[in-house]
Every structure is written in C-alpha cells, then in structure tokens.
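Hi,

Here is the structure I promised to pass on.

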Amino acid sequence: MEYNKVIFVSKENITLSPLAEWLFKSILMDKEKEILSRGLVVLFPEPRNMKVTDILMTHSIPCEEQISQEFSAEEVTDETLVITMNFAEKVKVLEEFGVDKNVYTMHEFAGEEGELLPPHGEESVYEASYVEIKDLLYKIKKKLEWR
C-alpha cells in the first residue's frame, strides 16, 4: 500500500502523538508526506505537554507550537496510515470513528510486540518514551520505504 499521509493518534493529543509526529517529521527526508497527530478525546484545545517540548528541544528536533486537535474520520483517505499508540485507541478508531482499514498500533506496524503508554513524572521517563518511539519510527520508515 502506498501512503501519502500518516496520522498519529493518542488519547488527548498532548503527549505521545505530538512526540511521534515531530520526531517522524525530523526523520523523513521526503517533505511531501503529510504527518499529523490527533486525539480521540479532545474536550478543549490544550498545548502540547511541556516535557514533550523539552525532549524535542533537547534532541534538536524542530517543532512548532501546537495545541491538541481531535481526530476526524474525514481526514482519512485510502492513502492514509493511522497509527495509534496502543490497542485501546486502535479499537476506538475502528469502532467509534468507523475507520476500517490502514489502522495499526505503532508497535504492530513496526512489527514489534508491546504498547506505548503515556509517560508521567521524571524527565527520564519521557526520554525513555522518546527512545522507544524513535526506534519504532525508523522501523516504520523502512517498512514504508520512504526516504
């Protein structure tokens, strides 16, 4: 399948999905691909978690200011890959939003076992999430055969 858009989906779109979005944008050489992040439960616009911004800045990942945005099935086309952080979010996308194809957890699409859980607490926990997501994103890039 040839994708031209990736939407990273997490519960609130303030921690993991924005981290994955900006990290993947920095990894890709092909700037024609559209990379977004969205949340499943966005009751009101919130800024990205400051610790995520700090991690991105620590690793020299360019990122713009960002507020949470709700996932919408209208953004999904046949060429869209939807990547959730965990299985519960995947089920919600499939069942509540009616998106019935090209939906995977990040680990699943990368060919790995496991799930991403939102980091809480110390910077070291956020750093561990960064490292795990970066590893998975390189596997995803290779699988997609993107530059």
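Predicted model: local features only at pLDDT ≥ 70, side-chain atom pairs only at ≥ 80, totals over all residues.

Strand β1 (residues 5–10) runs parallel to strand β2 (residues 34–39), and six bridges join them. Two strands count as paired if DSSP finds at least two bridges between them. Within this pair, S10 stands opposite G39 in β2.

Residues are numbered from 1 along each chain as its sequence is written, and side-chain values use heavy atoms, with hydrogens and water left out.

Back to β1: six of its six residues are buried (under 20% relative accessible area; exposed is over 50% and partly exposed in between, with a 1.4 Å probe and protein chains only). In a regular strand the side chains alternate between the two faces of the sheet. Here both faces are covered, with K5, I7 and V9 on one side and V6, F8 and S10 on the other.

F8 turns up again in the aromatics. The structure holds five aromatic pairs (ring centres of Phe, Tyr or Trp, the last by its six-membered ring, within 6.5 Å; planes under 30 degrees apart are stacked, over 60 edge-to-face, the rest tilted). One of them is F8 with F24: the centres are 5.8 Å apart and the planes at 90°, so the pair is edge-to-face. F8 lies in β1 and F24 in α1, so the pair ties together parts that are 16 residues apart in sequence. Both residues are buried. Separately, Y3, Y104 and F109 form one aromatic cluster.

Next, helix α3 (residues 87–96). Which of its residues are buried? They are E89, K90 and V93. These cover an arc of only 105° around the axis, which puts them on the same side of α3 (the arc is that of the directions from the helix axis to the C-beta atoms). Their cover includes β1, β3, β4 (103–105) and α4 (106–110). The face turned away from the buried side carries the exposed residues A88, E95 and E96. At the start of α3, a side-chain oxygen of N86 reaches to within 3.2 Å of the backbone nitrogen of A88, and just after the helix G98 takes a positive phi of about 70°.

N102, between α3 and β4, counts as buried at 11% relative accessibility. Its side chain makes a polar contact with that of Y3 at 3.3 Å (N or O atoms within 3.5 Å; within protein, one must be able to donate a hydrogen and the other to accept it, and residues adjacent in sequence count only if both atoms are side-chain atoms). S68, in the loop between α2 (50–58) and β3 (80–84), is buried too, with a relative accessible area of 5%. S68 touches residues including E12, V42 and F44 (contact means heavy atoms within 4.5 Å).

Cheers

Methods: Helix = DSSP H or I, 4+ residues; strand = E, 2+ residues; numbered from the N terminus. Lists of a residue's contacts leave out its neighbours within four places in sequence.
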